[in-house]
Amino acid sequence: MTMLKEQLKQQIIEALNLVDVTTFDIQDDDPLFGDSLGLDSIDALELIVLLDKNYGIKLTDPQKGKEIFTSINTLADFVEKNKTK
Amino acid sequence: MPFISNYIQIRNNKVYKNGLLLFENSAVDFGTFAKNLYQQIGIVYPKFYKMDNLCQLAFLAAEIFLQENEEKNVGMIFCNYEGSLDTDLKYQQLIQDPNNFYPSPAVFVYTLPNICIGEISIRHDFKSESLFLLAKKYQTQYILPYTEYLISSKKSEKVLCGWLQMLGTNYAASLYLVESTGKIQHCESNIETIISTDNTNDYA
Amino acid sequence: MQGVAVTGMGIITSIGLSVEENYQSLLQKKSGISEASILKTFHANHIKIGEIKLENAQLAEILGIPEDNNFTRTSLLGTFAALKALRHAGINKINDMRTGLISATSVAGMDITELYFKEYFHNPSIRKYINSHHTGDCTRKIADYLGIRGLVSTISTACSSSANAIMLGALLIKNKILDRVIVGGTDALSKFTINGFNSLMILSDSDNTPFDQNRKGLNLGEGAAYLILESWEQVKATHKKVLAIITGYGNANDAYHQTASSSTGEGAFLAIQKSLEKAQLSPEDIDYVHVHGTATVNNDLSEGKALLRIFSKVPPFSATKSYTGHTLAAAGAIQAVYSILSLQMNVTFPTLNFNTKIKEFDLTPSTDVVNTNITHVLSNAFGFGGNCCSLIFSKC
């Protein structure tokens, strides 16, 4: 799971144009949509595209995204259970 | 009669304020040039990196003007030829191939030319009147009276006007700020001089 | 005289090819929302759209445009509606006075260029469309077809575009820069916009339900509408019939997010407030509101909040996107035509598909045709980039 979490952090930084943010700056249980990363609703939608593109997971309800994207931990958990790629 | 108080020109990897060279950077691609200019201006605004090229260009040019500005009622009238084509092309590439089909919401939101007005408004909390015109050349013949109307009717205390060119490596910005005081007469010839990409420091 | 005179209007939407047809559809609750049949899209099975059931070739034929042309669907729709508006106003000699065109679009030639994007290299016959991509070309096509030699410009401010075109046109007449101006907008459906809105997850797979608690999003639509505005001197000199007067207009920025509206509806509130000030009216003077009402969770909540901030008692309001879908840049002008119809016929139109009020407030849109005296109508158009425009149309 550690590898997956590192991978996810890297992919998030790239997909969301988080310049000046490194994987060290993102703690596994920090809220992704809290103040630290400054993510907004468009970023949430972009993460949905990321799930599809990199892991073959299709999320059709943006509301479900809120729970899944709570932290790297919840995200990695979800990806591990649902990935098709 | 309002005046042009300040003007910014960005062209050929150089930034001029009121005809004086403020910044230059030899980066070939706009993205690198913009990042360097952003760092030079010295603000901390991470949302900058999410913007598309047109928004970054408009945002940076406006930011140079607005660093000492306290006025909230600033109208905006922008004009360009390509619209949001620079980003439209990027977005089209994402939906072109049915086997690699990943439309990006973060790219799509920038496929409209007036989003740059939105970005400047968000940054400076400007809730005033704004317009984005599309034309082959800057439409001085009625942007001028429209600007004067905004000020004389007190709809805006200041108006930020200008021409924004952005397509690939071909970029240029010519913005000028119109308000009740200033050194440069707000007239067609001066506006044409500011907008022209042939020169950077002549005005009447 | 206060305000600017409207002397003609033309329209084409999924609910009609003329002002009369649109009016009858509104009265008969006849929706234009359907499944895609002309536009070929991957999403055909899970979205609904407001599609005009005419192929481009049919539109070109109606307009007498030769087969070998480079009109795109957006230009065809725009030309169709602008021509109707001119005919409605009884204008035969377009350049007998200072006449201009302010047209709005967001899609422009995209509907064609997206099809041929990769083909230009090996198919010279379609290269003629490259120049049609541009928003300005769309406007130029309309201007050239109608023979307009005066001031021509294009506005592209997303979903508020054609409302802004109407506002700019009114200013040009009031400030005596033009004697007559054709104002409005046009947008065709395209895969670009369908995929884009789909990636934002704000498209509904069923008929849109504006101002409903269970609203799921918008249906994209296509269409065009134009008004003819004339100076009072011209109206008097030609004894022209005035359909309505544009008495108020206001534009403001929400300054909140690139595409979402603020929770307090600030931009909307300011635009409405400005339009009332311009018209020298109080909120109580407004008899009817044409809301932007896209049926997205965000817009209807935000717009509702703005209405409650302006009006101590919100007047009857309708969301006609429930009939036509969201026609993007054309929306403001299409609503303008419907607003003028309400004034002329003293009627408020239903909002389709409404069931349950939004739980955050007590606002119920009109759901039936109601005959009632209407003197002032407020019409809203809110675009991405925070651009909010409100117009007020008054009885002559």
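Reader: Leaving aside neighbours within four places in sequence, which residues is Ala62(B) in contact with, and what makes that a contact?

Author: Ala62(B) is in contact with Ile120(B), Leu160(B) and Leu175(B). The term applies because two residues are in contact if their C-beta atoms, placed from the backbone, lie within 7 Å. This is a predicted model, in which local features need pLDDT of at least 70 and side-chain atom pairs pLDDT 80 or more, while totals for chains, interfaces and linings use all residues. Residues are numbered from 1 along each chain as its sequence is written, and chains are lettered from A and ligands numbered from 1 in the order in which they are written.

Reader: Why is Ala62(B) called buried?

Author: Ala62(B) has 28 other C-beta atoms within 10 Å. A residue is buried at 20 or more, exposed at 12 or fewer, and partly exposed in between, so Ala62(B) counts as buried.

Reader: How do you know that β5 of chain B and β5(C) pair?

Author: Strands (DSSP runs of E, at least two residues, numbered from the N terminus) pair if DSSP finds at least two bridges between them. Here 2 bridges join β5 (residues 130–134) of chain B to β5(C), so the two strands pair, and they run antiparallel. Leu134(B) stands opposite Thr154(C) in β5(C).

Reader: How many residues does each chain give to the contact between chains C and B?

Author: Chain C gives 39 residues and chain B gives 36.

Terms used: Helix = DSSP H or I, 4+ residues; strand = E, 2+ residues; numbered from the N terminus.
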